Amino acid sequence: MQKDWPDILGGLVLATLGAAAAGWALAHYDIGSLRRMGPGFFPVVLGALLAGLGLAIALPALGREAGPRPGIEPRAAVAVLAAILVFGFGLFRLGLVGATAAAVLIAALPAPHDGRIWRLVLALAISALTVLVFGLGLRMNVPLWPRLS
């Protein structure tokens, strides 16, 4: 029986990184309490979640055979990287709404579905969700719209 080594090793790497990040944050920052969270609370929780995710990937892979290797789609990889770059460089020029919409439209280019309508609806929906979460909910200090001056 051929083990699923990519999932086993990848899961263990994630678990190790998460445990290391949580341990480092525990050693260097005050956690505080649930009522008054300290600067270490969020990194410890994220590290623990990453470690749990890594174990959730690695442990089931110990008992299963390796499946077919997934191929890499170069068009999709380039589109996702371009979307990240457009969002990162365009956030303060285009605003949160424009950068999000542009990133979604670029990332959706290699999708197998034809048509522009669903891409536009997807871009509008994700942009609206982004504004609700980061603009209104978290009140992040990023411009929502492009600066005209």
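User: What pattern does the protein chain follow, read along the sequence?
Analyst: Along the sequence, the protein chain reads α-α-α-α. This is a predicted model.

User: How many helices and strands does the protein chain have?
Analyst: There are 4 helices and 0 strands in the protein chain.

User: And what does the C-alpha trace span along its principal axes?
Analyst: About 55 × 45 × 20 Å.

User: What radius of gyration does the protein chain have, and what would a compact globule of 149 residues have?
Analyst: The protein chain has 20 Å, but a compact globule of 149 residues would have a value near 15 Å.

User: How much of the chain is buried?
Analyst: Of the 149 residues in the protein chain, 24% are buried.

User: What about the surface, how much accessible area is there?
Analyst: The accessible surface of the protein chain is about 10800 Å². Carbon and sulfur atoms account for 72% of that surface.

User: Let's go through the helices. Where does α1 run and what is its reach?
Analyst: Helix α1 covers residues 5–28, which is 24 residues. From its first C-alpha to its last, α1 reaches 34 Å, close to the 34 Å expected at 1.5 Å a residue.

User: Which residues of α1 are buried?
Analyst: I8, G11, A15, G18, A22 and A25 are the buried residues of α1.

User: Why might residues three or four places apart on a helix point the same way?
Analyst: An α-helix has 3.6 residues a turn, so residues at that spacing point the same way.

User: What do the buried residues of α1 pack against?
Analyst: They pack against α2, which is residues 41–62.

User: Then what do the buried residues of α2 pack against?
Analyst: The buried residues of α2 pack against α1. In α2 those buried residues are F41, V44, G47, A51, G54, A58 and A61.

User: How many residues does α2 have, and what is its reach?
Analyst: α2 has 22 residues. Its first and last C-alpha atoms are 32 Å apart, close to the 32 Å expected at 1.5 Å a residue.

User: What sits between those two helices? Where is G40, say?
Analyst: G40 is in the loop between α1 and α2.

User: Is G40 buried or exposed?
Analyst: G40 counts as buried because its relative accessibility is 0%, and buried means under 20%.

User: What does G40 touch?
Analyst: Leaving out residues up to four places away in sequence, G40 touches A25, Y29, D30 and I31. A25 is also one of the buried residues of α1.

User: Changing topic. Where is L109?
Analyst: L109 is in the loop between α3 (74–107) and α4.

User: Is L109 buried or exposed, and what is it in contact with?
Analyst: L109 is exposed, at 52% relative accessible area. The C-alpha atoms of L109 and A79 are 7.0 Å apart, although the two residues are 30 apart along the chain.

User: And H113, where is that and what does it touch?
Analyst: H113 lies in the loop between α3 and α4. Leaving out residues up to four places away in sequence, H113 touches W118 and R119. H113 counts as exposed because its relative accessibility is 51% and the cut-off for exposed is over 50%.

User: Where is G98, and how far is its C-alpha from that of W145?
Analyst: G98 is in helix α3. The C-alpha atoms of G98 and W145 are separated by 6.8 Å, and the residues are 47 apart along the chain. G98 is partly exposed, at 26% relative accessibility.

User: Last region, the segment after α4. What is the phi of R139?
Analyst: R139 has a positive phi of about 50° although R139 is not a glycine. Most residues other than glycine have a negative phi. R139 is in the segment after α4 and is exposed, at 70% relative accessible area.

User: And L138, buried or exposed?
Analyst: L138 is exposed, with 54% relative accessible area. L138 also lies in the segment after α4, which spans 117–137.

User: Which residues form the nonpolar patch on the surface?
Analyst: The patch is formed by L129, L132, V133, F134, L136, L138 and M140. Together they have about 660 Å² of accessible area.

Definitions and conventions
Residues are numbered from 1 along each chain as its sequence is written. This is a predicted model: local features need pLDDT of at least 70, side-chain atom pairs count only at pLDDT 80 or more; totals for chains, interfaces and linings use all residues. Side-chain values use heavy atoms; hydrogens and water are left out. Patches are made of residues with over 30% relative accessible area and no salt bridge: like charges are joined within 9 Å, nonpolar side chains (Val, Leu, Ile, Met, Phe, Trp, Tyr) within 5 Å. Accessible areas come from the Shrake-Rupley method with a 1.4 Å probe; for residues, only the protein chains shown count as cover. A salt bridge is a side-chain nitrogen of Lys or Arg within 4 Å of a carboxyl oxygen of Asp or Glu. Buried means under 20% relative accessible area, exposed over 50%, partly exposed in between (1.4 Å probe, protein chains only). The expected span of a helix is 1.5 Å times one less than its number of residues. Contact means heavy atoms within 4.5 Å. The radius of gyration is taken over C-alpha atoms; the globule rule is 2.2 Å times the number of residues to the power 0.38.
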